[in-house]
Amino acid sequence: MKNAPFYVNARPLLAAGLMASGLWCLAVGAAAQTPPPPPAPGAAAPEPVVNSGLNAPLFYQLLLGELNVRDGEPGTGYSLILDAARKQRDANLYRRAVDVALQARSGEAALTAARAWSQELPGGTESSRYVLQILLALDRASETSPVLRNILQATSVGERNDTINAIPQTYARVADKALAASVVREALDPWLKQPAHAAVAWTTVGRMELAQDRLPQALAAARQGHEAEPASPYPALLALELLERGQAEAEPMVRRQLLVSTTNSQGDTAVALAYARILLDLQRNSDARAQLETLTARQPDQAEPWLLLGSLQVQENALAAATDSLQKYMALARRAADERSARGLTQAYLLMAQVSEKQQDFAAANAWLDRIENADDIMAAQMRRASLLARQGQLPQARALLRNQPERRPEDARLKLVAEAQLLRDFKAYQQSYEVYGEAVQRFPEDTDLLYDQAMMAEKAGKSDEMEKLLRQLMAARPDFHHAYNALGYSLADRKVRLNEAKQLIEKAVSLAPGDAYIQDSLGWVEFRLGNAARALSILQAAYAKRPDAEIAAHLGEVLWTQGQRDQALKIWREGLLLSNDNETLQETLKRLQVKP
């Protein structure tokens, strides 16, 4: 009686255990086969059934292995299944042995099975991939170079570049980044010299250097890959990452790749789009516009460039052109009908509402907002509705709209307060904005970004002492928060008080963020206030070259103006107005100096 359930339930257990593990075909192959029915007249004869070599003892060995796994004895089950795999030389059985060991959290056993699989059935990549992943999980990256090289050798030429490109992600969790880079470089050595693979191989070497923050070495690797194949998108994409990290020397590689590439591959499109986004982040709007116009002309059926171009055109108040670009995007996105396009459509509706708002067509703006149905995007729509109300002189109603918005997600409470504070700031209700930020800080006391925003609004509200108090509180909480040092130093310099202290604060900010153009702008400004015009001019010119910005233009123009370089000052101010004609600092500077560029 004790063994009766085993015999009664043998076939269901076998089906459940072996079928789930992909071994059912072997069990069926060992059983007696029922002859298939004869084919219908004129029909093709069925392929003959090929039985496996699984005999009765192995059949029950596998059954016992699966029963042991199911009954909480994975070690015994693993041994039985691995022994069967070796006898059968079958990949499915090896895979099952590895899976059992992994489920039991036995990395060494999984590695033993994977290595046996790789040695017994060489030539494929799956077993070697298992070995690689298990070694990395066991923190034995130093042993992976020959495994990685075997994978690349076994990969087809057509798929090898994609495999090489995925290597940095595979090694991303290795703690010793230098070791990982060394291992990968060793494994890639044969392909660094092959024309078909050199570009992507050098790019992968560069990404491994980038993971260590070794920017010069990453740049050198990108250049090696780019020289090997100038049209390849791989080095260009690495160059874009370096450009984002402040390596301006990487940009010529991107420009050259876009110039020499004659294809419209997915990689080429990715380079062009990423480059346009970075140019927008750097506020190089004219360069970004030129890039997007080229891309939309070259690939008019690509949806995303139209959305980016439309967004830029809205920012530049080119409303007719923006409407045309956004309409083209919406037509393409509706045709695609995927999740990414749905999110993009929400952004397009918000932009179209902004266009209508700028045109004072508030009914049309609300109609565009009515198209937004996704609950996650309702808050963005309500923020735009609040702006519409405020523009029509209904600021209290706009605030009530935001306050009464349901909080569907945990972050909505914070978002509502920030949206209200920003709305008040946009309409120059600085005292009220300061108070709302104060409410947000009380509700989210650990959020230092809110504390910084409240400090900035305190200054706008004429509360300089309160601003300094809040910023010093922020410095104490986050000693590495460079924005706080910069903001206080700039405020002191702008008010021409405690200039030496202002310079010390800004220099502290520079030490924490040496590549930040806005902090360089502050340093130039305090040097100007201290009477060091030549040094101020040098610093401000470098900052403006790094990031063309209306506020930096205001300061640079004033230094040039006071040094008698008035034509150059007017040129810089005109550029600043094109970047942002309503920038308060620039407008105040022009008014104070009584200049009309």
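**Helix 20 with helix 21**

- Helix 20 spans residues 319–336, and its axis lies 10 Å from that of helix 21, at an angle of about 155°.
- Angles over 145 degrees count as roughly antiparallel, so helix 20 and helix 21 are roughly antiparallel to each other.
- On the helix 20 side, the contact is made by Leu319, Ala322, Thr323, Leu326, Gln327, Tyr329, Met330, Ala333, Arg334 and Ala336.
- Helix 21 answers with Arg340, Ser341, Gly344, Leu345, Ala348, Tyr349, Leu351, Met352, Val355 and Lys358.
- Sorted by class, the residues where helix 20 meets helix 21 are 13 nonpolar, four polar and three charged.

**Helix 19 with helix 21**

- Helix 21 covers residues 339–358 and also packs with helix 19, residues 303–315; here the angle is about 25° and the axes are 10 Å apart.
- Because angles under 35 degrees count as roughly parallel, helix 19 and helix 21 are described as roughly parallel to each other.
- The crossing of helix 19 with helix 21 is left-handed.
- From helix 19, the residues in contact are Glu304, Leu307, Ser311 and Val314.
- Their partners in helix 21 are Arg340, Gly344, Gln347, Ala348, Leu351, Gln354, Val355 and Lys358.
- This contact of helix 19 with helix 21 has five nonpolar, four polar and three charged residues.

**Helix 9 with helix 10**

- Helix 9 (residues 145–154) packs with helix 10 (residues 157–165) at an angle of about 150°, their axes being 9 Å apart.
- With that angle, helix 9 is roughly antiparallel to helix 10.
- Ile151, Leu152 and Gln153 of helix 9 meet Arg160, Thr163 and Ile164 of helix 10.
- By class, the contact of helix 9 with helix 10 has three nonpolar, two polar and one charged residues.

**Glu186**

- You will find Glu186 in helix 12, which runs over residues 177–188.
- Setting aside neighbours within four places in sequence, Glu186 contacts Ser145 and Arg149.
- Glu186 and Ser145 are 41 residues apart along the chain, yet their C-alpha atoms are separated by 6.6 Å.

**Ala533**

- Ala533 belongs to helix 32, residues 533–546.
- Because its relative accessibility is 15%, Ala533 counts as buried, the cut-off being under 20%.
- Not counting residues up to four places away in sequence, Ala533 touches Val559 and Gln563.

**Confidence**

- The protein chain has an average pLDDT of 88, and 91% of the residues score at least 70.
- Residues 1–34 have a pLDDT below 50, although this stretch has 44 contacts in the model beyond near neighbours in sequence.
- Where pLDDT is low, the predicted coordinates should not be read in detail.

How values were computed: Residues numbered from 1 in each chain as written. Predicted model: local features only at pLDDT ≥ 70, side-chain atom pairs only at ≥ 80, totals over all residues. Heavy atoms only, no water. Axes fitted to C-alpha atoms, helices over the stretch in contact; angles between N-to-C directions. Helix = DSSP H or I, 4+ residues; strand = E, 2+ residues; numbered from the N terminus. Parallel < 35°, antiparallel > 145°, perpendicular 65-115°, else oblique. Left-handed = near helix turned anticlockwise from the far one by under 90°. Contact = heavy atoms within 4.5 Å. Nonpolar A, V, L, I, M, F, W, Y, C, P; charged D, E, K, R; others polar. pLDDT = per-residue confidence, 0-100. Buried < 20%, exposed > 50% of the residue type's maximum accessible area, 1.4 Å probe, protein only.
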